[in-house]
Amino acid sequence: MIRLQNIEKVYRTDTVETLAINGISLDIAKGEFLSIMGPSGCGKSTLLNIMGLLDEPSKGNIKIDEQDISRFSDQKLAKFRNQKLGFIFQSYHLINDLRVLDNVELPLLYRTSSAKERKVLATAALEKVGLSNRLKHFPTQLSGGQRQRVAIARAIVGNPQIILADEPTGNLDSAMGNEIMDILINLNKNEGTTIVMVTHDESMAHKTHRLVRLFDGSQVQ
Amino acid sequence: MLKNYFKIALAVLKRRKFFTFISLFGISFTLTILMVATAFMDKILSPDYPDYKRIRSLYVSTMEYKNTKEGWMNRSDVSFYFFEHYVSTLKTVQKMAISSNAKASNAYVNNKKLVIEYKYTNADYWNVLEYQFLEGKAFQQREIDNAELVAVISEETKKAYFGDRKTVIGKYISADNINYRVIGVVENVSKTLYNFSGDMYLPYTISKDYKDIDLMGGYNAILLAKSEANVPKMKKEFDQMVKKLPLPKDFDKIYCNADPFFANITRRIAGDGTSNGLTKVVSIISLFTLLFLLLPTINLVNINITRIMERSSEIGVRKAFGASSKTLVYQFIVENLVLTFLGGVIGIILSVIVIHLINGANLISNMHLSMNFTVLFYSLIACIFFGLFSGVYPAWRMSKLNVVKALKAQ
Ligand SMILES: Nc1ncnc2c1ncn2[C@@H]1O[C@H](COP(=O)(O)OP(=O)(O)OP(=O)(O)O)[C@@H](O)[C@H]1O
Ligand SMILES: [Mg+2]
């Protein structure tokens with residue numbers, strides 16, 4: 001499903017060059033639930049962003065669903081992200097100006113769908129994460145766990161084949177973390193969604209199919 | 001899609017009350033001032049009661065002597081003698097409305113002083129200008145020839161002097177201890193038309209200075225051509241006549257111009273005998289308008305940049321979930337258009353209120369401003385243009401933002 005070949009990422013500022021990813025190759029199968037671990041600053045988020053086509057690698061090749069991404073235009077890339085990918089960010093990144101329901105509808109806005117359809121789909125997604133009673137709230141009126149669940153609803157509402165989650169349980173207590181984890185596991189099992197998750201938590205990582213460890217931009221396991 | 005942009009725009013504007021308020025205030029305030037200013041200009045410039053024949057008319061109101069060697073000059077209004085003796089001989093002048101400057105006189109009503117501004121006019125004054133007579137009629141050549149003490153008064157004067165009396169024809173009005181017989185009452189004229197406004201109009205033959213043999217005096221006139229096409233001919237004939245005027249002592253040049261309405265005003269404000277000041281006045285007004293519009297636009301662009309920058313994380317999220325740069329630019333433009341359009345609507349409402357208040361307060365006596373719908377239309381177009389202009393640049397800049405950077409910027 002996702003194929004990374006010799007990915008390198010260099011961050012250049014005026015004074016220093018940081019090699020964030022140093023030659024990583026990775027094959028992720030369809031329907032796989034993969035977790036990525038490693039010390040802070042080792043390049044986990046960078047790698048995930050590259051997989052999610054949010055950032056470009058300095059070197060190397062990415063194929064998603066057998067398609068070479070490198071020559072995609074901005075328009076095509078946007079459409080591709082919209083249809084195939086769903087993101088869950090560590091710090092939620094909900095839009096505070098919009099209500100919960102509108103936040104979840106967001107990915108559908110960039111598709112051809114009617115307002116009614118969008119509402120039905122978004123409500124269903126929120127139901128899946130157990131938040132159907134908070135549709136009219138604004139994100140700032142929710143707890144951290146609730147926000148993360150809204151973010152998950154947003155990631156799954158478009159029914160993407162791949163979900164990329166960057167420390168989805170990082171800001172939550174273990175009970176809430178387990179709940180979120182269960183949602184992801186069910187998604188993987190029932191819908192066959194390919195999931196890549198960055199985590200700091202060994203116990204979470206052990207619930208997934210495969211674990212990849214990074215150190216200083218290189219894969220060590 | 002557009003409906004969604006609309007919905008998003010309204011939601012955002014509602015949530016960001018402070019920015020929305022500042023922007024709306026800027027737009028509507030600018031628009032209001034623009035509308036009121038143009039209503040005022042419109043009042044002065046477009047044909048208005050009682051002066052409706054402007055396209056066939058030329059206006060003469062200044063006489064200027066110059067001594068080019070010594071650099072002296074002398075400038076004044078025009079004498080009655082000049083109009084009667086020289087201008088009336090011109091073949092292209094079909095009719096001529098002559099009137100004097102306004103002079104003040106005192107009348108007393110119930111021991112209270114009432115200042116009455118009066119003007120002397122000729123008989124054709126009432127034919128060239130289309131005063132509305134509420135009762136009675138104007139004085140004719142016969143009354144003028146007999147130097148009768150008759151007066152045409154304004155509605156306002158009638159009310160102030162005679163009170164609520166129904167008819168005042170044949171009654172006497174006493175100003176500076178002279179009794180004039182009222183023969184007509186006319187509708188009030190806006191003070192912005194200072195050549196035509198007045199409280200009382202009298203036959204010129206009862207003035208003291210109409211016989212003075214001098215080019216300078218206290219009168220002005222409207223020269224009416226047979227048709228619009230004849231106006232240039234009339235101007236030419238007038239200019240040739242001026243060239244042949246006898247030079248007064250100590251001077252070697254005489255300037256006197258028959259100008260179209262607006263040029264006549266600008267010549268008095270910013271011109272002299274040789275230049276009518278039109279370009280000067282128009283450029284100054286344009287410059288001011290431009291500056292006046294430029295500042296809010298820059299301000300709006302600035303606010304927009306801040307407003308959009310603040311939302312970089314939103315942009316990152318939208319991009320991550322499938323918005324292309326183009327879609328984002330559209331979104332922000334729609335947002336801005338909604339904002340400017342709202343500002344425009346508020347501006348129009350404010351303008352109506354302000355104009356209503358100005359009219360009600362009678363700031364300038366008898367001036368009634370009205371909204372100019374052409375200007376309204378262009379102002380709205382301008383609004384939309386500024387909305388686009390002030391939204392496109394920041395939106396374009398932000399849409400180019402790298403997603404990861406945008407997300408981190410929070
Ligand atoms: N925009 C940037 N400019 C320069 N260096 C950067 C930039 N983003 C990341 N880096 C560097 O790249 C390296 C990898 O960063 P990354 O965010 O991928 O780490 P991480 O593994 O996700 O860490 P954490 O667990 O703390 O989230 C770090 O050393 C970081 O300093
Ligand atoms: Mg990270």
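Analyst: Where the chains meet, 26 residues of chain A are in contact with 28 residues of chain B, contact meaning heavy atoms within 4.5 Å. This is a predicted model, in which local features need pLDDT of at least 70 and side-chain atom pairs count only at pLDDT 80 or more, while totals for chains, interfaces and linings use all residues. Residues are numbered from 1 along each chain as its sequence is written, chains are lettered from A and ligands numbered from 1 in the order in which they are written, and side-chain values use heavy atoms, with hydrogens and water left out.

The size of an interface is often given as the accessible area lost when the parts come together. Here chain A and chain B bury about 2,400 Å² between them, 56% of it on carbon and sulfur atoms; this buried area is the accessible area (1.4 Å probe) lost on being put together, summed over both parts. On the side of chain A, the residues that lose the most area to chain B are His93(A), Asp97(A) and Tyr110(A), which together make up 28% of what that side buries.

As for links across the interface, the rule finds zero salt bridges between chain A and chain B, a salt bridge being a side-chain nitrogen of Lys or Arg within 4 Å of a carboxyl oxygen of Asp or Glu. By class, the side of chain A that touches chain B has twelve nonpolar residues (Ala, Val, Leu, Ile, Met, Phe, Trp, Tyr, Cys and Pro count as such), seven charged ones (Asp, Glu, Lys and Arg) and seven polar ones (the others, Gly among them).

Note on methods
Buried area is the accessible area (1.4 Å probe) that two parts lose on being put together, summed over both.
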